[in-house]
Amino acid sequence: MEWHQEKLLSLCRICGAKIKDHKRKVHASKLSDEVTKVWQVSVLVDSPSVHPSFICVKCRLICGKREYLEGKIKTAILAKTWYPHSENCTVCVSNLEPKQDKPSKVKKAKVDEGEHDIATRRRKCY
Ligand SMILES: [Zn+2]
Ligand SMILES: [Zn+2]
């Protein structure tokens, strides 16, 4: 559960993308009016254990455009629906960081295989 909430901190409340530019992200509550106008969702009823608290730069820019706020243009970005953590939680599964020990194991296996190949090839040559 803690891991889940940690994951949410790096995701955008609206599009669900991983936030890369953390300096320019904005707290969802600051754009609650804009978000309601553009996406018809209220971030004011968000639960911090279910919904990300921040909005990425991309979605933030949409919130600053009058055409979107007035409903003249519909954004292609769909507001993601968030669910509480469950057994098959997509939040926890989809943005998994690669484990530290795995890549080295894969590398080692490949090296072993390579050596084996050379050995067999040599045997064939002789
Ligand atoms: Zn976004
Ligand atoms: Zn989760």
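## Overall organisation

Of the contacts in the protein chain that join residues at least 6 apart in sequence, 74% link residues at least 24 apart. The model is a predicted one. Its protein chain holds six helices and two strands, and read from the N terminus these elements follow the order α-β-α-β-α-α-α-α. The chain has 126 residues, of which 20% are buried.

## Nonpolar core

The largest nonpolar core comprises 19 residues. Cys12, Ile14, Val35, Ile55 and Cys59 have the most contacts inside this core. At least two core residues come from each of α2 (32-39), β2 (54-55) and α3 (57-63). In soluble globular proteins, nonpolar side chains tend to be buried together.

The contacts of Ile14 illustrate the arrangement. Beyond residues up to four places away in sequence, Ile14 touches Val35, Trp39, Ile55, Cys59, Ile77, Ala79 and Lys80.

## Helix α2 and the residue after it

Three residues of α2 are buried, namely Val35, Val38 and Trp39. These residues lie on the same side of α2 because the arc they cover around the axis is only 75°. An α-helix has 3.6 residues a turn, so residues three or four places apart point the same way. The cover over the buried residues of α2 includes α3 and α4 (66-69).

Gln40 follows α2 and sits in the loop between α2 and β2. Its phi is positive, near 55°, in a residue other than glycine. Gln40 counts as exposed because it has 9 C-beta neighbours inside 10 Å, and the cut-off for exposed is 12 or fewer.

## Phe54 in strand β2

Phe54 belongs to strand β2. Phe54 has 22 C-beta neighbours inside 10 Å and therefore counts as buried; the cut-off for buried is 20 or more.

Apart from neighbours within four places in sequence, Phe54 is in contact with Cys12, Arg13, Ile19, Lys25, Val26, His27 and Ala28. Cys12, one of these partners, is also among the residues with the most contacts inside the largest nonpolar core. Phe54 and Lys30 are separated by 24 residues in sequence, and their C-alpha atoms are 9.4 Å apart in space.

Note on methods:
Residues numbered from 1 in each chain as written. Chains lettered and ligands numbered in written order. Predicted model: local features only at pLDDT ≥ 70, side-chain atom pairs only at ≥ 80, totals over all residues. Core = buried A, V, L, I, M, F, W, Y, C linked by C-beta atoms within 7 Å. Helix = DSSP H or I, 4+ residues; strand = E, 2+ residues; numbered from the N terminus. Contact = placed C-beta atoms within 7 Å. Arc of directions from axis to C-beta.
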